[in-house]
Amino acid sequence: MTQAMYEEGLAYAESNFLDENAAHLHVDKRLIREKFNMDGKKVLDFGCGMGGMSLWYATNFKCEVHGIDIDAHHVKIANDLKAKHKAQNVNFEVRNVLDKPLEGKYDFIVLNDVAEHIQLPILKAIFQALSKNLAAGGGIYVSYPPWRSPYASHVQHVVGIPWCQFLPEGMLLKMIEKNNRQIVGEEESDLLQAYQGLNHLTHNKLMGALEGSGLRPVYRKSHSFVNKYGPLKNANLRFFPLDFLVTKEFVLLEKAA
Ligand SMILES: C[S@@+](CC[C@H](N)C(=O)[O-])C[C@H]1O[C@@H](n2cnc3c(N)ncnc32)[C@H](O)[C@@H]1O
């Protein structure tokens with residue numbers, strides 16, 4: 001990782017941590033405040049990346065946060081950000097739970113913008129593993145930009161065209177290659193690799209990945225721009241063709257009784 005990339009990553013993670021209105025996270029932060037009180041909870045930030053959200057949980061709630069990620073570059077930045085802000089109640093670790101299972105139990109496990117980056121058979125094994133680390137009465141909260149959304153699970157940010165995922169594959173690949181650049185990750189170190197790592201996640205695919213884990217959805221919010229307008233605040237556009245307007249899905253999973 002070059003110094004310039006390190007600095008870019010640190011600045012990005014710091015803005016995710018400190019800026020309540022950070023572009024792609026303000027809905028997430030508002031929803032978490034509305035729905036969950038993490039005070040007194042043991043929180044696992046699975047796929048914590050560069051730690052911006054872990055630090056946000058740690059400083060907005062009186063909780064203990066454990067952030068884990070498979071990418072050593074991301075975790076290095078997360079640890080440096082923790083040191084810079086002198087946070088005590090958060091710890092970061094490079095860890096693949098399928099190689100090294102977690103020992104403890106967590107009240108709240110978050111996968112924020114993570115599930116869409118993991119190939120489905122691996123995601124399925126991860127849910128089975130995480131379900132064993134869920135404390136009684138605990139929940140796993142998954143948020144992700146669905147594949148059908150105008151953001152195309154992040155690809156729109158690369159090529160600048162909404163719903164670009166529906167372009168012919170060859171054309172889309174050429175556009176991504178044209179805009180390709182190095183990114184901070186050790187595991188995925190450029191935009192093309194990041195695109196190739198996407199699993200085209202939909203709600204049905206996510207439900208399929210829960211098989212064998214004993215987890216079931218107990219809450220779902222499908223966020224779209226219409227939620228900005230008062231009377232439509234709670235609208236969930238889950239039906240065709242309006243489901244193509246959903247920009248972020250939020251699902252809470254609990255262990256079936
Ligand atoms: C888009 S980032 C999101 C980071 C963070 N959750 C956030 O909201 O800023 C996705 C992260 O998932 C991590 N990841 C992917 N596969 C993983 C796995 N099998 N175990 C742990 N982390 C993983 C990646 O390394 C990356 O840091």
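## Reading a predicted model with a ligand shell

Biologist: How many residues surround the ligand, and which are the closest?

Modeller: The ligand is surrounded by 17 residues, and the closest are Gly-47, Gly-49, Asp-71, Asn-112 and Asp-113.

Biologist: Turning to the overall layout, into which domains is the chain divided?

Modeller: Domain 1 takes in 3-150 + 198-255, while domain 2 covers 152-193. Taken over C-alpha atoms, the centres of domain 1 and domain 2 are separated by 22 Å. To the contact between them, domain 1 contributes 16 residues and domain 2 contributes 12 residues.

Biologist: Which elements give two or more residues to the side of domain 1 that touches domain 2?

Modeller: Those elements are α1 (3-18) and α4 (72-84), and α4 gives the most, with 4 residues. By class, this side of domain 1 has 9 nonpolar, 4 polar and 3 charged residues.

Biologist: How should I read the strands, and which strands does β5 pair with?

Modeller: As a general idea, the side chains in a regular strand alternate between the two faces of the sheet. In this structure, strand β5 (residues 134-144) is joined to strand β7 (residues 248-255) by 5 bridges, and the two run antiparallel; within that pairing, Tyr-144 stands opposite Glu-249. Strand β4 (residues 106-112) is joined to β5 by 6 bridges, and these two run parallel, with Phe-108 having Gly-139 in β5 as its bridge partner.

Biologist: What joins β6 to β7, and in which direction do they run?

Modeller: Strand β6 (residues 215-223) and β7 are joined by 8 bridges and run antiparallel, and His-223 has Lys-248 in β7 as its bridge partner.

Biologist: Is β5 largely enclosed or largely open to the outside?

Modeller: Strand β5 is largely enclosed by the rest of the structure, because 8 of its 11 residues are buried. One residue of interest here is Val-142, which, together with Ile-109, has the most contacts inside the largest nonpolar core, a set of 47 residues. Leaving aside residues up to four places away in sequence, Val-142 touches Leu-111, Ala-115, Leu-206, Val-251 and Leu-253. There is also a second, separate core of 7 residues, which includes Val-158, Val-159, Leu-191 and Tyr-195.

Biologist: Where does Lys-86 lie, and what is its phi?

Modeller: Lys-86 lies in the loop between α4 and β3 (90-94), and its phi is near 50°, a positive value in a residue other than glycine. With 6 other C-beta atoms within 10 Å, Lys-86 is exposed, since 12 or fewer such atoms place a residue in that class.

Biologist: And where is the place of Trp-163?

Modeller: Trp-163 sits in the loop between α6 (155-159) and α7 (169-178), and its phi is near 55°, again a positive value in a residue other than glycine. Trp-163 is partly exposed, with 14 other C-beta atoms within 10 Å.

Key
Residues are numbered from 1 along each chain as its sequence is written. This is a predicted model: local features need pLDDT of at least 70, side-chain atom pairs count only at pLDDT 80 or more; totals for chains, interfaces and linings use all residues. Two strands pair if DSSP finds at least two bridges between them. A residue is near a molecule or strand if its C-beta atom, placed from the backbone, lies within 6 Å of it. Domain bounds come from an automatic or database domain assignment. Two residues are in contact if their C-beta atoms, placed from the backbone, lie within 7 Å. Ala, Val, Leu, Ile, Met, Phe, Trp, Tyr, Cys and Pro count as nonpolar, Asp, Glu, Lys and Arg as charged, and the others, Gly among them, as polar. A nonpolar core is a set of buried Ala, Val, Leu, Ile, Met, Phe, Trp, Tyr and Cys residues joined through C-beta atoms within 7 Å. A residue is buried if 20 or more other C-beta atoms lie within 10 Å of its own, exposed if 12 or fewer, and partly exposed in between; C-beta atoms are placed from the backbone.
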